[in-house]
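My entries follow in the order in which I went through them.

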Amino acid sequence: TPLNACSLESLQKTIETNEGSVWPIINSCYNLEKDGSRTGQMDLFLVKVPLKEDDSMKFAKPFASFSFPSGILDGKFFPKNTNSQTWWYATAHSTGDIKLHTLTLNDDSKDPVFTCQTSLSSQISDKTGVPVLCLSINWDTTRGFDNARMVSSYSNGKIAIHDVTLSENGNPEIIERDCWLGHTLFKDNPTEVWSCSFAAEGQIVVSGGDDAVVKFWDTRALSRPVQIMRECFQAGVTVISPHPRNPNLVAIGSYDETLGIFD
């Protein structure tokens with residue numbers, strides 16, 4: 001892509017189409033325009049699963065592309081599908097919005113259809129008047145379709161937890177449940193929170209940002225972090241990713257080109 005790629009996400013399973021078994025992979029991007037605004041693009045790739053062991057997986061042209069008037073800074077598939085034919089995908093935008101999309105297989109032709117279902121403002125206020133960017137999102141992998149929730153982080157130092165209602169027949173909803181100032185620099189000046197994630201079976205939120213600090217928050221009492229790690233990295237924390245099977249392990253990466261595994 002000619003744009004700045006911010007997120008590359010795939011389903012944890014293949015899907016069956018008329019072209020055979022494929023991995024749906026979504027590349028989310030942004031571009032900084034001359035006037036300072038950001039535009040975005042989302043490309044859906046259907047990468048064919050190799051039939052032989054010595055075959056390689058190759059990217060072809062995007063199966064579908066979508067343009068947005070805002071940059072896309074993160075994207076995540078919901079870990080469970082609503083049925084055997086539909087998967088949900090959420091994106092974080094430079095306007096502070098979170099958007100929900102669906103990837104659905106057509107019953108008759110098995111052709112995938114990717115659509116944007118709804119958009120909701122993050123409702124994160126900033127008294128400076130500077131636009132707030134939604135920098136990262138992550139689903140609570142312990143929750144099912146009927147009680148989904150996600151955590152999001154923002155350029156004004158805030159972190160939020162949202163309850164998400166996923167509906168096959170109506171409009172889904174994203175309701176902000178908790179929001180707090182998570183990261184600051186130089187005596188309470190908000191700093192960008194570049195990444196956040198649930199851990200410990202949804203009981204802990206892990207956050208990191210431009211301050212090079214990792215914080216652990218108990219979701220039952222968010223007034224202050226239960227642990228702060230200041231000496232792990234020499235630069236900003238860029239990514240936080242929980243282990244897909246061990247709820248107590250979290251991988252955290254930094255601009256200083258190091259990666260740590262935390263238990």
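I looked up Ser207 and found it in strand S17, residues 204–208, where strands (E, at least two residues) and helices (H or I, at least four residues) are DSSP runs numbered from the N terminus. The model is a predicted one, in which local features need pLDDT of at least 70 and side-chain atom pairs count only at pLDDT 80 or more, while totals for chains, interfaces and linings use all residues. Residues are numbered from 1 along each chain as its sequence is written, and side-chain values use heavy atoms, with hydrogens and water left out.

Is Ser207 buried or exposed? I noted a relative accessible area of 0%, so Ser207 is buried; the word means under 20% relative accessible area, whereas exposed means over 50% and partly exposed in between, with a 1.4 Å probe and protein chains only. The side chain of Ser207 makes a polar contact with the side chain of Trp217 at 2.9 Å. I count as a polar contact a pair of N or O atoms within 3.5 Å; within protein, one must be able to donate a hydrogen and the other to accept it, and residues adjacent in sequence count only if both atoms are side-chain atoms. Setting aside residues up to four places away in sequence, I found that Ser207 touches several others, including Ile159, His183, Ser195, Cys196, Trp217 and Ile240, where contact means heavy atoms within 4.5 Å.

Entry 2, the cysteines. A disulfide is a covalent bond between the sulfur atoms of two cysteines, and the search took it as a pair of cysteine sulfur atoms within 2.5 Å. How many disulfides does a search of the whole structure find? The search finds 0. Cys134 is in none, and the nearest cysteine sulfur, that of Cys196, is 7.8 Å away.

Ala200 lies in the loop between strand S16 (195–199) and S17, and Glu201 has its place in the loop between S16 and S17. I noted a positive phi of about 50 degrees for Ala200, although it is not a glycine, and for Glu201 a positive phi of about 55 degrees, although it is not a glycine either. Ala200 counts as partly exposed at 22% relative accessibility, whereas Glu201 is exposed at 52%.

Entry 4, strand S21 and its partners. Strand S21, residues 250–254, has 4 of its 5 residues buried, so it is largely enclosed by the rest of the structure. Strand S20 (residues 237–242) pairs with S21 in the antiparallel sense over 5 bridges, and two strands pair if DSSP finds at least two bridges between them. Ser241 has Ala251 in S21 as its bridge partner. S21 is also joined by 4 bridges to strand S22 (residues 259–262), and these run antiparallel; here Gly253 is bridged to Leu259 in S22. S21 and S22 form a hairpin with 4 residues between them, and Glu257 in the turn has a positive phi of about 70 degrees.

Val250 belongs to S21 and counts as buried at 4% relative accessibility. The C-alpha atoms of Val250 and Ile240 are separated by 6.9 Å, with the two residues 10 apart along the chain. Beyond its neighbours within four places in sequence, Val250 is in contact with Ala199, Ile240, Ser241, Pro242, Gly260, Ile261 and Phe262.

I followed 4 strands that form an open sheet in the order S10-S11-S12-S13, with antiparallel pairing. The edge strands, S10 (134–139) and S13 (173–181), each pair on one side only. S10 and strand S11 (residues 148–154) pair over 5 bridges, and Asn138 stands opposite Val151 in S11.

The chain has 0 helices and 22 strands, and buried residues make up 45% of its 263 residues. Among contacts between residues at least 6 apart in sequence, 45% join residues at least 24 apart.
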